[in-house]
Amino acid sequence: MVELRAEAVRWVDDEPFPGVVEVRFTDAAGRRWSLVDKAPVFDAQGALGPDSAYPLEVSAACVIIGSARLQEDGELVTVSIAPHGVAATDGRDEFTVRCDQLTR
């Protein structure tokens, strides 16, 4: 599975267990998106917590669903962050991002 690089910006709440964190990333068009979900969805190592020093680099699991046009600075791809039920705060789960925002 592919991972979308993102940044955990704040601890939202301790409930539901094990706690909720806000994560942000910027798409290829420069729009900033916010994801709010349980901390382990973005951090399998357990580094995120209420007392962590934010921001912290994290990632969101995603799947590539299509290639977009080439830009001067590289290829764009459309990804879905829905594999683990994650969506942006407005419900959207598909985004066009730069290839360099992804890791394998």
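Is Cys 99 buried, exposed or partly exposed? I looked that up to get going, and Cys 99 came out as partly exposed, with a relative accessible area of 31%. A note to myself before going on: this is a predicted model.

**Cysteines**

Next I checked how many disulfides the structure holds, and the count is zero. A disulfide is a covalent bond between the sulfur atoms of two cysteines. For Cys 99, the closest cysteine sulfur is in Cys 62, 11 Å away, so the two are too far apart for a bond. The cut-off for a disulfide is 2.5 Å between the sulfur atoms.

**Glu 22**

Then I moved to Glu 22, which sits in strand E2, residues 20-26. Is Glu 22 buried or exposed? I found a relative accessibility of 6%, so Glu 22 counts as buried; the cut-off for that is under 20%.

What do the polar atoms of its side chain meet? I found a polar contact of 2.5 Å between the side chains of Glu 22 and Arg 10. I found another polar contact, of 2.6 Å, between the side chains of Glu 22 and Ser 34. Both partners turn up again in the contact list of Glu 22, which leaves aside neighbours within four places in sequence and also includes Glu 7, Ala 8, Val 9, Val 12, Leu 35 and Val 36.

**Glu 7**

Glu 7 was on that list, so I followed it up because I wanted its accessibility too: at 34%, Glu 7 counts as partly exposed. I placed Glu 7 in strand E1, residues 2-13. Glu 7 and Glu 22 are 15 residues apart in sequence, and their C-alpha atoms are 8.5 Å apart in space. Beyond neighbours within four places in sequence, I listed the contacts of Glu 7 as Glu 22, Val 23, Arg 24, Pro 55, Leu 56 and Val 58.

**A nonpolar patch**

Last entry: which residues form a nonpolar patch on the surface? I got Met 1, Val 63 and Ile 65, with about 280 Å² of accessible area together. I picked Val 63 for another look and found it in strand E4, residues 56-71. Val 63 has a relative accessible area of 33%, which means partly exposed, and a patch residue needs over 30%.

Note on methods:
Residues numbered from 1 in each chain as written. Predicted model: local features only at pLDDT ≥ 70, side-chain atom pairs only at ≥ 80, totals over all residues. Heavy atoms only, no water. Patch = residues over 30% accessible without salt bridge, like charges linked within 9 Å, V, L, I, M, F, W, Y side chains within 5 Å. Areas by Shrake-Rupley, 256 points an atom, 1.4 Å probe, with all protein chains shown as cover. Salt bridge = Lys/Arg side-chain N within 4 Å of Asp/Glu carboxyl O. Helix = DSSP H or I, 4+ residues; strand = E, 2+ residues; numbered from the N terminus. Buried < 20%, exposed > 50% of the residue type's maximum accessible area, 1.4 Å probe, protein only. Polar contact = N/O pair within 3.5 Å; in protein donor to acceptor, adjacent residues only side chain to side chain. Contact = heavy atoms within 4.5 Å.
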